Amino acid sequence: MDQLLAIRAFARVTDTGSFTRAADSLNMPVSTVSKLVKSLETHLGVRLLLRTTRRVTPTPEGREYYENTARILRDIEETDSALSLAGQRPRGQLRVDIGASTARDVLIPALPDFMARYPEITLDLGVADRQVDLISGNVDCVIRGGPMNDSSLIARHIGDAVMITCATPGYLQQYGIPATPQNLNGEHRLIGYLSSLTGRVFPFRFLCEGELTELKIQRSLGINESNAHLAAAQAGLGIVQTFTYSVKSALQQGTMVEVLSDWRPPRYPFHVVYPQNRHVTHRLRVFIDWLSEVFPVLLSGETAGKEVTGPAGGKPSV
């Protein structure tokens with residue numbers, strides 16, 4: 001038995017909760033991974049994993065063995081990397097999870113630069129507006145917006161997105177222009193963004209002279225996917241709060257118009273996130289460094305779009 005390989009197989013099964021996902025990530029047949037783990041259990045004389053039809057979980061002894069051997073695997077991988085990185089080009093498969101509009105409007109347009117720099121890296125993107133489990137999902141990293149509160153993850157800040165409140169000129173012609181955030185509920189149709197986890201609508205947020213206000217909106221429409229959320233606003237269905245990078249072209253062309261610019265929401269932080277116990281490969285390290293280089297400017301999405309102003313409930317002057 002190759003004990004080091006068996007330990008790696010056991011660790012990956014524990015990480016992913018599945019022999020199949022572990023085998024895919026290790027580029028091995030499922031039968032080989034299963035045999036390695038069984039050989040390790042025989043060698044140790046203890047059962048490391050509990051197998052059910054739905055999931056594989058470690059026994060108490062397996063959890064202790066996983067935690068102890070994880071440190072050994074990290075030390076070996078870091079030593080190997082330190083010796084080999086000097087003359088080696090990063091290569092291999094990198095799995096990244098990202099939200100839909102951020103993928104469409106920020107990451108993908110910038111990818112030609114990354115792929116030209118690192119042509120031997122294969123990038124697999126998981127694109128969806130929901131939080132993926134980095135461990136069981138077998139993902140190298142995720143790009144997430146919002147505050148980071150999970151102490152089990154390492155988060156590197158890669159920039160702040162500018163947000164605005166906006167609508168189409170046709171909507172504003174029909175319903176008028178809000179003069180303050182308080183004009184929104186009851187006087188306007190609002191498009192809310194729904195949490196994919198809880199189904200709750202995110203409040204509209206406004207920052208004026210250093211004072212933050214959160215408005216619990218009375219939505220006329222709620223959507224839990226960012227591209228559809230923006231499409232609803234562009235269809236004239238109501239007022240929306242969104243990232244400037246998603247509406248930059250529409251603002252410049254005048255098909256979307258900013259309102260309440262004196263009450264712009266606070267900037268929205270973005271992070272690249274990966275598990276603490278996951279070895280940072282050469283390919284992941286260069287990807288994170290590249291994100292930190294290009295994302296701050298791309299996320300800002302500043303534009304010279306037109307804003308309309310007027311009295312509460314008034315009609316646009318343009």
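This is a predicted model: local features need pLDDT of at least 70, side-chain atom pairs count only at pLDDT 80 or more; totals for chains, interfaces and linings use all residues.

User: Let's start inside. Which residues have the most contacts in the largest nonpolar core?

Analyst: That core has 32 residues, and those with the most contacts inside it are Leu107, Ile143, Phe270, Phe287, Trp290, Leu291 and Phe295. At least two residues each are supplied by β3 (92-98), α5, β4 (121-127), β5 (141-145), β6 (153-161), β14 (268-275) and α9 (282-300). The largest share, nine residues, comes from α9.

User: And what does phenylalanine 295 touch, leaving aside its neighbours within four places in sequence?

Analyst: With those neighbours left aside, phenylalanine 295 is in contact with Thr102, Val106, Leu107, Ile143 and Ile158. Apart from this core there is a second, separate one of 19 residues, which includes Ala23, Leu49, Val56 and Tyr65.

User: Moving to α7, which of its residues are buried?

Analyst: Helix α7 spans residues 226-234, and its buried residues are Ser226, His229, Leu230, Ala232 and Ala233. Looking down the axis of α7, these buried residues fall within an arc of 155 degrees, so they line one face of the helix.

User: What happens at the start of α7, and what follows the helix?

Analyst: At the start, a side-chain oxygen of glutamate 225 comes to within 2.9 Å of the backbone nitrogen of asparagine 227. After the helix comes glycine 236, which has a positive phi, near 80 degrees.

User: Now the rings. How many aromatic pairs are there?

Analyst: The structure holds 12 aromatic pairs. One of them is formed by phenylalanine 114 and tryptophan 290, a tilted pair with 5.1 Å from centre to centre and 55 degrees between the planes. This pair links distant parts of the chain, since phenylalanine 114 belongs to helix α5 and tryptophan 290 to helix α9, 176 residues apart.

User: Are those two buried or exposed?

Analyst: Both phenylalanine 114 and tryptophan 290 are buried. They also belong to a cluster in which ring pairs link Phe114, Tyr118, Phe287 and Trp290.

User: What about tyrosine 171 and tyrosine 175, why is that pair stacked?

Analyst: Their ring centres are 4.6 Å apart and their planes stand at 20 degrees, so the pair counts as stacked, the cut-off being planes under 30 degrees apart. Both tyrosine 171 and tyrosine 175 lie in helix α6, four residues apart, which is about one turn of the helix. Tyrosine 171 counts as buried, at 1% relative accessibility, whereas tyrosine 175 counts as partly exposed, at 29%.

User: Switching to charges, how many salt bridges are there?

Analyst: A search of the whole structure finds nine salt bridges. One of them joins arginine 89 to glutamate 120, with the closest N and O atoms 3.0 Å apart. Arginine 89 sits in the loop between α4 (60-84) and β3, and glutamate 120 in the loop between α5 and β4, 31 residues apart.

User: Which network does glutamate 120 belong to?

Analyst: Salt bridges that share partners join Arg89, Arg91 and Glu120 into one network. Arginine 91 forms its salt bridge with glutamate 120 at 2.9 Å between the closest N and O atoms. As for accessibility, arginine 89 is partly exposed at 42%, arginine 91 is partly exposed at 48%, and glutamate 120 is partly exposed at 32%.

User: And glutamate 258, where is that found?

Analyst: Glutamate 258 is in strand β13, residues 257-259, and its side chain meets that of arginine 264 in a salt bridge of 2.9 Å, N to O. Glutamate 258 is buried at 8% relative accessible area, while arginine 264 is partly exposed at 26%.

Key: Residues are numbered from 1 along each chain as its sequence is written. Side-chain values use heavy atoms; hydrogens and water are left out. Buried means under 20% relative accessible area, exposed over 50%, partly exposed in between (1.4 Å probe, protein chains only). The arc is that of the directions from the helix axis to the C-beta atoms. A polar contact is a pair of N or O atoms within 3.5 Å; within protein, one must be able to donate a hydrogen and the other to accept it, and residues adjacent in sequence count only if both atoms are side-chain atoms. A nonpolar core is a set of buried Ala, Val, Leu, Ile, Met, Phe, Trp, Tyr and Cys residues joined through side-chain atoms within 4.5 Å. Contact means heavy atoms within 4.5 Å. Rings of Phe, Tyr and Trp (its six-membered ring) pair if their centres lie within 6.5 Å; planes under 30 degrees apart count as stacked, over 60 as edge-to-face and the rest as tilted. A salt bridge is a side-chain nitrogen of Lys or Arg within 4 Å of a carboxyl oxygen of Asp or Glu.
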